[in-house]
Amino acid sequence: MADPDVRRRAWRMRVDSPALRARPNDAHRAITELERSGVPVRVLTQNVDGLHQLAGLPARKVLELHGTARTSVCTGCHSRSPMEETLARVRAGEEDPPCRACGGILKSATVMFGQRLDPAVMAQALAIAKASDVFVAVGTSLKVQPAASLAGTAAEYGARLIVVNAEPTPYDALADEVVREPIGMALPALLKDLAA
């Protein structure tokens, strides 16, 4: 954050990044459909892409453990704005756009390497894991802590644990079910069964 040249390169990289052009897939849509069917759904995600919300899941149902790349935040006053507005400023020639509120340094509203996860967000995620009847861990190695421990906490508190991942995880032995099929195919079928 201290090097203006690094910040300028980072903003140029974000302008060309395919991450903000990504679109929801069948798995994202299946979660939205499950929620719309009346099943209480909460998504605890390590992804920063906002695809659950783009698929129609209400933002209040999504807890973004690592923040969101769809928002920029000031490191000084913590003012937030849509990332697309900040990127429009970069495209218009501002190589390192300052915060419009205080002139501070802007960054994506994601948790950066070396930065702590928000304790309030993690406390909320822990409460959700403890209260879950079914906890589905999807597309994660379940190795990165503290987020990985949420699966174990849910199982410890009596949730049915389902792991959907191509590779083995440290929590497979605790799982009631392990699915190794591609997520885009497996999750819609699994969630349809859960809704029944």
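Which residue with a positive phi follows α4? That residue is G93, whose phi is near 120°. The structure described here is a predicted model. Its chain holds 7 helices and 8 strands, and buried residues make up 41% of its 196 residues.

**Overall form**

- Along the principal axes, the C-alpha trace of the chain spans about 50 × 30 × 30 Å.
- Among contacts in the chain with a separation of 6 or more, 57% are between residues 24 or more positions apart.

**Helix α4 and its surroundings**

- Helix α4 covers residues 83-91, and its buried residues are M83, T86, L87, R89 and V90.
- When α4 is viewed down its axis, the buried residues fall within an arc of 150°, so they line one face of the helix.
- As a general point, an α-helix has 3.6 residues a turn, so residues three or four places apart point the same way.
- In the loop between α4 and β5 lies G104, which touches C74, P98 and C99 when residues up to four places away in sequence are not counted.
- G104 and L51 are 53 residues apart along the chain, and their C-alpha atoms are separated by 29 Å.

**Nonpolar cores**

- The largest nonpolar core has 21 residues, and those with the most contacts inside it are L65, F135, L142, L150 and L161.
- At least two residues of this core come from each of α5, β6, α6 and β7 (160-164).
- Helix α5 supplies the largest share of this core, 5 residues.
- One of the core residues with the most contacts is L150; leaving out residues up to four places away in sequence, L150 touches L44, L65, M122, A125, L126, A129 and F135.
- Another core lies apart from the largest one and has 15 residues, including A30, V62, V164 and L191.

**The largest pocket**

- The largest pocket holds about 1,100 Å³ of space.
- Its lining has 36 residues, of which R42, V43, L44, V136 and A137 are the closest to the centre of the pocket.
- The elements that each supply at least two residues of this lining are α2 (26-36), β1 (43-45), α5 (119-131), β6 (134-138), α6 (149-156) and α7 (183-195).
- Strand β6 provides the largest share of the lining, 5 residues.
- By class, the lining of the largest pocket consists of 25 nonpolar, 9 polar and 2 charged residues.

**The second largest pocket**

- The second largest pocket has a volume of about 470 Å³.
- There are 22 residues in its lining, and G67, R80, A109, V111 and D118 lie nearest the centre.
- Two or more lining residues come from each of β2 (62-64), β3, β5 and α5.
- Strand β3 gives the most to this lining, with 4 residues.
- The lining of the second largest pocket divides into 10 nonpolar, 7 polar and 5 charged residues.

- A2 and I105 are 103 residues apart along the chain, yet their C-alpha atoms are separated by 9.1 Å.
- H52 is found in helix α3, which covers residues 51-54.
- With a relative accessibility of 9%, which is under 20%, H52 counts as buried.
- Leaving aside neighbours within four places in sequence, H52 is in contact with H28, I31, T32, V43, T45, L57 and V62.
- Among these contacts of H52, V43 is one of the residues closest to the centre of the largest pocket, and V62 belongs to the core of 15 residues.

Key. Residues are numbered from 1 along each chain as its sequence is written. This is a predicted model: local features need pLDDT of at least 70, side-chain atom pairs count only at pLDDT 80 or more; totals for chains, interfaces and linings use all residues. Side-chain values use heavy atoms; hydrogens and water are left out. Buried means under 20% relative accessible area, exposed over 50%, partly exposed in between (1.4 Å probe, protein chains only). The arc is that of the directions from the helix axis to the C-beta atoms. Contact means heavy atoms within 4.5 Å. On a 1 Å grid over the protein atoms alone, a cavity is a set of points where a 1.4 Å probe fits but cannot get out, and a pocket is an open set with protein on both sides within 12 Å along at least five of seven lines; lining residues have an atom within 4 Å of a point. Grid points are joined across faces, edges and corners, and a volume is the space filled by probe spheres set on the points. Ala, Val, Leu, Ile, Met, Phe, Trp, Tyr, Cys and Pro count as nonpolar, Asp, Glu, Lys and Arg as charged, and the others, Gly among them, as polar. A nonpolar core is a set of buried Ala, Val, Leu, Ile, Met, Phe, Trp, Tyr and Cys residues joined through side-chain atoms within 4.5 Å.
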